[in-house]
Amino acid sequence: MAETRKVLVVDDEEIVRLSHMRTLAGQSCSVDAASGAAEALEKMQKDPADVVMIDLRMPGPDGLATLKAIKEKWPEIMVLQTSATFINVEDRIHGLNRGADSYLIQPAEPEELAAAVRALLR
């Protein structure tokens, strides 16, 4: 039996987390969510995800700090950086140079979000 792939959605806005979880629910993967860096790292410690979606702009440790912490401990984990604020080309390049495996500008169409996650799960 094939192992179920896991996706962790990290965003401080509950409505965004729920929307992303709903979008990914039918994508042959299990989906969990965290409201910030501390919760995400705790969940990763217990049961690492295969893909982590991280919003850049969060209170406390932001998305870049969370990305760094995940990549230091789990370099094989794929990270999809997302942002509705940091959307220019320099922001995207900065996120990718800091270790993100992909970058998605929000709001994204549900089909685009699902395709980005499927690509990282391959």
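This is a predicted model: local features need pLDDT of at least 70, side-chain atom pairs count only at pLDDT 80 or more; totals for chains, interfaces and linings use all residues.

User: What is the general idea behind a salt bridge, and how many are counted here?

Analyst: Side chains of opposite charge can pair when their charged atoms come close. With a cut-off of 4 Å between nitrogen and carboxyl oxygen, the count comes to 7 salt bridges.

User: Which parts of the chain does the pair of aspartate 47 and lysine 6 link?

Analyst: These two side chains meet at 3.5 Å, N to O. Aspartate 47 lies in the loop between helix H2 (37-46) and S3, and lysine 6 in strand S1, 41 residues apart.

User: Where do lysine 43 and aspartate 32 lie?

Analyst: Their salt bridge has an N to O distance of 3.0 Å. Lysine 43 is in helix H2 and aspartate 32 in strand S2, so the pair ties together parts 11 residues apart in sequence. Lysine 43 is partly exposed at 24% relative accessibility, and aspartate 32 is partly exposed at 36%.

User: Is arginine 17 buried or exposed, and what is the nearest side chain of opposite charge?

Analyst: Arginine 17, in helix H1 (residues 14-24), is buried and has no salt bridge. The nearest side chain of opposite charge is glutamate 14, 4.7 Å away. A polar atom of the arginine 17 side chain does lie 3.5 Å from the backbone oxygen of aspartate 12.

User: Which residues of H1 are buried?

Analyst: They are Arg17, His20, Thr23 and Leu24. These residues cover an arc of only 130° around the axis, which puts them on the same side of H1. On the other side, Glu14, Ile15 and Arg22 are exposed.

Definitions and conventions:
Residues are numbered from 1 along each chain as its sequence is written. Side-chain values use heavy atoms; hydrogens and water are left out. Helices (H or I, at least four residues) and strands (E, at least two) are DSSP runs, numbered from the N terminus. Buried means under 20% relative accessible area, exposed over 50%, partly exposed in between (1.4 Å probe, protein chains only). Lys and Arg count as positive and Asp and Glu as negative; His and the chain ends are not counted. A polar contact is a pair of N or O atoms within 3.5 Å; within protein, one must be able to donate a hydrogen and the other to accept it, and residues adjacent in sequence count only if both atoms are side-chain atoms. The arc is that of the directions from the helix axis to the C-beta atoms.
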